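Here is a briefing on one protein model. Please look through the structure first, then read the notes by topic.

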Amino acid sequence: MIVEIDESKFGKRKYNKGKGVEGKWVFGGIDRGSTNCFFKVVGDRTAETLIEITKKHVEPGSIALSDCWQSYTSLKGEGYTHYTVNHSKNFKDPVTGVCTNSIKGTWSAVKSQFRKQGTNKWKDQFDSYLGEYMFRRKFGSSGKALFTTFMHGIVVLYPPQTQDSMDDPNE
């Protein structure tokens, strides 16, 4: 696996002035070889928080690509091959060719979708909108196939009970 990881702040500047942004930090990753991704709202961007989430979603031995945020420095010690790009100098590392354009572009797409929903609407259901974005990225964006995939996912998570299993107290 080659996974681009990054964190982004979702929110807006107060009165559209200044640098301060009110909102939520989200940590996420994009698997370059598939439609798999993960996003998680985080209370902080410490190494402990970000590495723990990475370990839940990215297999050890994978290649992790990131910016030079200090919290990522211990990824090598956790069994990942880790490459960085210094965004204050380049968008793509001139020596290794490492870039994080996929995750950066995904942040832009997610934020754009959130803006379409309306700020007040998504504030209360932020996690749900992130979940919907991940589902649509993995399985497609519309049509009967999406609904069928969604229903199949529900059945996998919550297998239907048969009348026999409801009658038998040992099951």
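Phenylalanine 38 counts as buried because its relative accessibility is 5%, where buried means under 20% relative accessible area, exposed over 50% and partly exposed in between (1.4 Å probe, protein chains only). This is a predicted model: local features need pLDDT of at least 70, side-chain atom pairs count only at pLDDT 80 or more, and totals for chains, interfaces and linings use all residues. Residues are numbered from 1 along each chain as its sequence is written, and side-chain values use heavy atoms, with hydrogens and water left out.

**Phenylalanine 38**
- Phenylalanine 38 sits in strand S3 (residues 37-42); strands (E, at least two residues) and helices (H or I, at least four) are DSSP runs, numbered from the N terminus.
- Leaving aside neighbours within four places in sequence, phenylalanine 38 is in contact (heavy atoms within 4.5 Å) with Val3, Ile5, Phe27, Gly28, Gly29, Ile53, His57, Val58 and Met134.
- Its C-alpha atom is separated by 9.3 Å from that of isoleucine 53, which is 15 residues apart from phenylalanine 38 along the chain.

**Threonine 54**
- Threonine 54 belongs to helix H1 (residues 47-57).
- Threonine 54 counts as buried, at 1% relative accessibility.
- The threonine 54 side chain reaches the backbone oxygen of leucine 50 at 2.8 Å.
- Not counting residues up to four places away in sequence, threonine 54 touches Ile5, Phe27, Leu75 and Tyr80.

**Helix H4**
- Helix H4 (residues 126-139) has 14 residues.
- From first C-alpha to last, H4 reaches 20 Å, close to the 20 Å expected at 1.5 Å a residue; the expected span is 1.5 Å times one less than the number of residues.
- Phe126, Tyr129, Leu130 and Tyr133 are the buried residues of H4.

**Cysteines**
- Cysteine 37 is buried, with a relative accessible area of 17%.
- Cysteine 99 is also buried, at 15%.
- The disulfide count is zero, with a disulfide taken as a pair of cysteine sulfur atoms within 2.5 Å.

**Confidence**
- The protein chain averages a pLDDT of 82, and 82% of the residues score at least 70; pLDDT is the predictor's confidence in each residue, from 0 to 100.
- Confidence is highest in H1, at a mean of 93, and lowest in helix H3 (residues 119-123), at 60.
- Where pLDDT is low, the predicted coordinates should not be read in detail.

Technical notes
Polar contact = N/O pair within 3.5 Å; in protein donor to acceptor, adjacent residues only side chain to side chain.
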